[in-house]
Amino acid sequence: LAVVTAVIAMYAKASCVDEAWVSFVKLSERDVVSWSAIISAFLYNGQAKDAIQLFEEMQKEGIKTDKITFVSILDACADDVALAEGRRMHDHIMINAFETDLVVGTALLNMYGRCGMLEDARRVFKDISGRDVVAWTVIVAAHAQQGHAKEAQRLLDQMREEGMAPNEVTFVSILNACSHSGLVDEGRQWFRLMKTTYGIVPVVDHYNCMIDLLARAGLMEEAEALVKEMPMTPT
RNA sequence: GGAGAACU
């Protein structure tokens, strides 16, 4: 069982969902871990809806959900912006007293953030113990996604006060959030702030986000200008 | 043996 589960995980990382699925159905016995592995396999390939369905099947089989499964399924809900399902998970998580766990809490936070539920996201964030850069990034990006740049900056200040610094991924997340919400001005502002007040040297991912943001808004000339001023070769 | 943020 353990070895097949490892094989499923390997297929997942190689984006071979079909192969992973074949291995999974061949199993005579399935525990939480093998179910989690196949759920992650679907998630990894952007099939969040299927992942959620698999989770429901798992529950029908009477398999008890653990911390890690919760994280995966919350991730699926975040990807799918499945708020109702996510809230149901939150209830289960509270019953199991996993709410303050860093990773579970961050996944919850991310789900609420992606669904635009800032109040819920803030409440979860407050209760997470030992918040790290990832948790901070998620809460900041959630605010950026809703266009609350000022509040997001306040959070970054607060983050600094607690002795933590945003990293490259923090700003990729913010820029990406702006891009998905069509916040062109905000995005341009964040790109500038990132370089000036936060001292982050933009890498290719940041440029990609900005180019994506501008292109989505139909600002092709500006996007092309940015490509030209990129210090690295575009991919 | 399966887990949390971004691009892809």
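Contact here means heavy atoms within 4.5 Å, and helices (H or I, at least four residues) are DSSP runs numbered from the N terminus. The model is predicted, with local features needing pLDDT of at least 70 and side-chain atom pairs counting only at pLDDT 80 or more, whereas totals for chains, interfaces and linings use all residues. Residues are numbered from 1 along each chain as its sequence is written, chains are lettered from A and ligands numbered from 1 in the order in which they are written, and side-chain values use heavy atoms, leaving out hydrogens and water.

We can begin with a pair of helices. In α10, Ala149, Ala152, Gln153 and Leu156 meet Glu186, Trp190 and Leu193 of α12. By class, these residues comprise five nonpolar, one polar and one charged (Ala, Val, Leu, Ile, Met, Phe, Trp, Tyr, Cys and Pro count as nonpolar, Asp, Glu, Lys and Arg as charged, and the others, Gly among them, as polar). Helix α10 spans residues 149-161 and helix α12 residues 184-195; their axes come within 12 Å and cross at roughly 25° (axes are lines fitted to C-alpha atoms over the stretch in contact, and angles run from 0 to 180 degrees between N-to-C directions). The two helices α10 and α12 are therefore roughly parallel (angles under 35 degrees count as roughly parallel, over 145 as roughly antiparallel). Their crossing is right-handed (the near helix is turned clockwise from the far one by less than a right angle; anticlockwise is left-handed).

A second pair joins α6 (residues 83-95) to α7 (residues 102-114), with axes 10 Å apart and an angle of about 155°. That makes α6 roughly antiparallel to α7. The crossing of α6 and α7 is left-handed. On the α6 side the contact involves Leu83, Gly86, Arg87, His90 and Ile93, and on the α7 side Val104, Leu108, Met111 and Tyr112.

Helix α7 also takes part in the surface near RNA strand B, to which α7 gives the most, with six residues. In total, 36 residues surround RNA strand B, the closest being Ser36, Asp66, Val172, Asn176 and Asp205 (a residue is near if one of its heavy atoms lies within 4 Å). This surface has 17 nonpolar, 13 polar and six charged residues. Of the RNA strand B atoms within 4 Å of the protein, 48% belong to sugar or phosphate and the rest to bases. Base nitrogens of RNA strand B lie 3.0 Å from a polar side-chain atom of Thr69 and 2.9 Å from one of Asp132.

Technical notes
Angles under 35 degrees count as roughly parallel, over 145 as roughly antiparallel, 65 to 115 as roughly perpendicular and the rest as oblique. A polar contact is a pair of N or O atoms within 3.5 Å; within protein, one must be able to donate a hydrogen and the other to accept it, and residues adjacent in sequence count only if both atoms are side-chain atoms.
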